[in-house]
Amino acid sequence: MDAEKLSKRLLALIEASGIAEGEVYVRKTRGLEVTLRDQDVERLQNTDAGGFALRLIDDHRMGFVHSSDLRDASIERAVEKGVDLARNATADEFNSLVEPAPAAGKVETYDDTIASVEYERKISLLKDVETLCFAYDPSISKIADLSYEDSEVETVIANTKGVFQQSSSTRFSVGVDVVAERDGEVESGGERSESRFFEDLDPPSRLASRACWKATSLLGGKTLPTQNAPVIFNRDTGYALLRHLFAMIDGRNVADGLSLLGGRIGEQIASPLVTVIDDATISGAIGSGRFDAEGTPSGRTVIVDGGTLRSFLFDSRSGRKAGSTTTGNARRDGFRALPAVGYTNLFLEGGTTSPDEIMKTTESGLLLLSLAGWWMGINASTGDFSSGAKGLWIEGGEVAHPVKKVTIASNIIDMLGAVDVVGDDLELRHAASSPTLRIGEMKIGGV
Amino acid sequence: MMKRRDFVKLTAKGSIIALGAPALLDLVARDKLAAADVLPPELKGVLKAALANGGQFADVYLEQVDRTTVSLAGGKVESVECGIHRGGGVRLLSDWKTGYSSCDSWEEEELKRVAGVASQMARGGGEPEIEDFTRKGERGIVAYEISPDEIESARKVEIATHADTIARAYDPAIKQVRVNYTDEIKRIVVANSDGVMVTHEVPLVWITVSTLAQRDSKQQSGYIRRSAKRGFEYAGLAFAEEAARESARQAVDMLEAGEAPGGEIPVVIGSGGGVVFHEAVGHGLEADGVERKTSFYTGMVGTRVGSDLISIIDDGSIPNLRGSFDYDDEGTPSQENVLIENGILKGYIYDLLTAWKLKAKPTGNGRRQSYMHYPMVRMTNTHLLPGDSKPEEIIEATPNGIFTRHLGGGEVDTTTGDFTFGVREAYLIENGKIGAPVKGATLIGNGPEILKRIDMVGDDVDFWPGTCGKGQWVPVTSGAPTLRIASITVGGRG
């Protein structure tokens, strides 16, 4: 399938159909996934997939069609179907497509070595991780999962208003989950590295030691008395805060009146130590791209600046509906999904204190190593935060003992307000990244 | 307007050229798979290509999904969506290793190409043996009356709009409503080198209604989903109405909620809270974790894992439930599988690969998200069998604690058995009576421990629909009667 040719053909069919506005989104993916076990490949999967989506709008009524059936007659039928759906829908005045705008500058998202990195190199990376995990500590008894993935995605977005954007990107990822056992007690730990460039993947030593450290350091954990105490989120757990915050700055929730932060631009909503940014223009970062899923050039949005709410994230529809404008944050989960608001590289800006220093200055509190079920409570309208938690109990600035079987609970706005120190260890390793930070007080539920 | 199926028949009989000479396979599928006797020679060729470098087993999976979705927010239809997805995947098993490759096509040539990619997992040769196909017929477990793809989109828009109207009319406090209506028909063909051949049509209807209630400075949300493997006959206005009313009620009733208490306390889970067993037990009984020895329940068949009150079943053959089907995605018939009986672990659930590795019988639990995904061991409809207690007796017998009416999602670490699940709607129990609503509760515990702490089980089983994620997403249900956990850690702020 030639993505450019297909999109031009679809655009021509849309124009011939007489519908007022039309958009074509074509996506082609080639992917590899390898699972290793006992120094041998256990599963090898190759995916070669692609398809297109059409948004057709007539008098603010929208039809959306997607298909992976690329035969000529099927393509024609898809356009006809979309026109028919649009004409049978009801009007929503915010349905419209984006106007062309000059593209952002160069944003590197494609590793042209993807085709030339030998399969053997990928396998040897996994083999090294496996060997290093078992060598880490005698308590590491099993590897629950060890896999490598890479993929190459080509996208074309074109619309009848003149937008025509084309791009290619690559993604590499290695993940490992280990099991540690001691005296009949079992704990698990995992680590995943993802990158746009093969060479940016974490080395096997870092993957293995981080996964194994997480599992082994939780062995011997015990619960805590129910209490209020400071909680330190590290780089592995801090993203949960950003994901909860995102629900409240998601332009769709704001436009629909579902966000607690709606109408509060300019207000102090967090501690002065908190600055949150979404930036799609960082070369090599996993969430970057030259344009978003509607063809709007990407940008950088300061969401919270020194605790003050500055902006929400919008796609074109939610921007219009909220009386604002798109921030280039339209995102699609593949070609089968309608564009929605998404973050690109969402991060909390680093501070000046080292993670060690943060621990040392904590009289007593919980250093969170893992969260469970934190995503279930995400609710833009209440901001409630509640999660299962495991970690290390800090006493007098030092680790006293591992902690398990506790919950932590608060409200996301209270939490952001109670951030009393931010670490200097921010790394943009995932699409949502946070440095280590401490929240002055949260409810810890134990016995 | 011509009905889609009529159109399909017409093309199958006459206008082949107009479709751009599609593969024979395609026409067969579109004509309700009726002429499947023409399939074997082509699929045999694909399986031969997969086994060209050796290996012990190959299968091919073809899938076509026709889906319609209506999304509504703020009283307006945001979009009406239609998706057509068609493709195939070929798998090769060689010395317990899996090669898998897929394409967006049913064309013989493309399928042979991806079979060639999958075949690279094997390093041998030899003349592949393919058994003659024995086709298994439909079993009627997910039979439907009206195919949703024969219904005009305007009627589906009407269902979504009706849900919005009902939710708003429930109470003036309801300020925002979002509705998502989806229906689909999935048609699959599975054929393997052992001669198994299955064609299966699976309908699915799904509606979600989210509501937001506001009063004074308080706001709360409601969220209800309803789903079944049924045709459009299930998706009437009454179905939308019930979901809308319940979602609105939940949001309004929770408006006055205080903070849930924290700490270890008794919890009564209202009927329908089967997600507890799905997370706390079910995932640990999937044979892939047992085979890797990473599951807590490895090697424990025949031992006591719970109180006498605990009998847990996974059953993909319950008519028309969201987790049901005639055959799984490897062609194995769905069946009732007893996992735990009166507290004793009886067995695990398997797909083909884990069954062969562990010398067990496949249980009809080999499922995939789509043709782009290899099969895995997955649950279907997982439920706790009812006990003797009346739900009201369970409440009365509980001096203090929490009653959960609606649980949210959950997750589990199958290695440790530690699980967490969210609570959407809960109430305090005070002196054996249901009291004030409370919000923000999370329940955490350990699966094996919790099974021993369940001390009362009601007689009122209810099934709730969900979508289970394990790297791949599949539709499931979980079922349970009202039950009491003598003590469990509740994470609240009160």
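Strand β3 of chain A and strand β2 of chain B run parallel and are joined by five bridges, where helices (H or I, at least four residues) and strands (E, at least two) are DSSP runs numbered from the N terminus, and two strands pair if DSSP finds at least two bridges between them. Within this pairing, A:Val65 has B:Cys82 of β2(B) as its bridge partner. This is a predicted model, in which local features need pLDDT of at least 70 and side-chain atom pairs count only at pLDDT 80 or more, while totals for chains, interfaces and linings use all residues. Residues are numbered from 1 along each chain as its sequence is written, and chains are lettered from A and ligands numbered from 1 in the order in which they are written.

Strand β3(A) covers residues 61-67, and seven of its seven residues are buried; a residue is buried if 20 or more other C-beta atoms lie within 10 Å of its own, exposed if 12 or fewer, and partly exposed in between, with C-beta atoms placed from the backbone. A:Arg61, A:Gly63, A:Val65 and A:Ser67 point one way from the strand, whereas A:Met62, A:Phe64 and A:His66 point the other way. Strand β3(A) is also joined to β2(A) (residues 40-58), by seven bridges, and these two strands run antiparallel. In that pairing A:Asp58 stands opposite A:Arg61, and in the hairpin, which has two residues between the strands, A:Asp59 takes a positive phi near 55°.

Strand β2(A) in turn pairs with β3(B) in the parallel sense over five bridges, and here A:Thr47 stands opposite B:Ser102. Taken as a whole, the contact between the chains involves 66 residues from chain B and 60 residues from chain A, where two residues are in contact if their C-beta atoms, placed from the backbone, lie within 7 Å. On the side of chain B that touches chain A, β2(B) gives the most, with 12 residues. That side of chain B divides into 20 nonpolar, 30 polar and 16 charged residues, where Ala, Val, Leu, Ile, Met, Phe, Trp, Tyr, Cys and Pro count as nonpolar, Asp, Glu, Lys and Arg as charged, and the others, Gly among them, as polar.

What lies in the largest nonpolar core? A nonpolar core is a set of buried Ala, Val, Leu, Ile, Met, Phe, Trp, Tyr and Cys residues joined through C-beta atoms within 7 Å. The largest has 263 residues, and those with the most contacts inside it include A:Leu54 and B:Ala50. Strand β6 of chain B (residues 196-215) gives the most to this core, with 10 residues. Leaving aside neighbours within four places in sequence, A:Leu54 is in contact with several residues, among them A:Leu10, A:Val65 and A:Gly82.

Chain B is assigned domain 1 (4-253) and domain 2 (259-491), with bounds that come from an automatic or database domain assignment. The contact between these domains takes 35 residues from domain 1 and 26 residues from domain 2. The side of domain 1 that touches domain 2 has 15 nonpolar, nine polar and 11 charged residues.

Finally, B:Glu393 lies in helix α10 (residues 391-396) of chain B, and B:Glu393 counts as partly exposed because 15 C-beta neighbours lie inside 10 Å.
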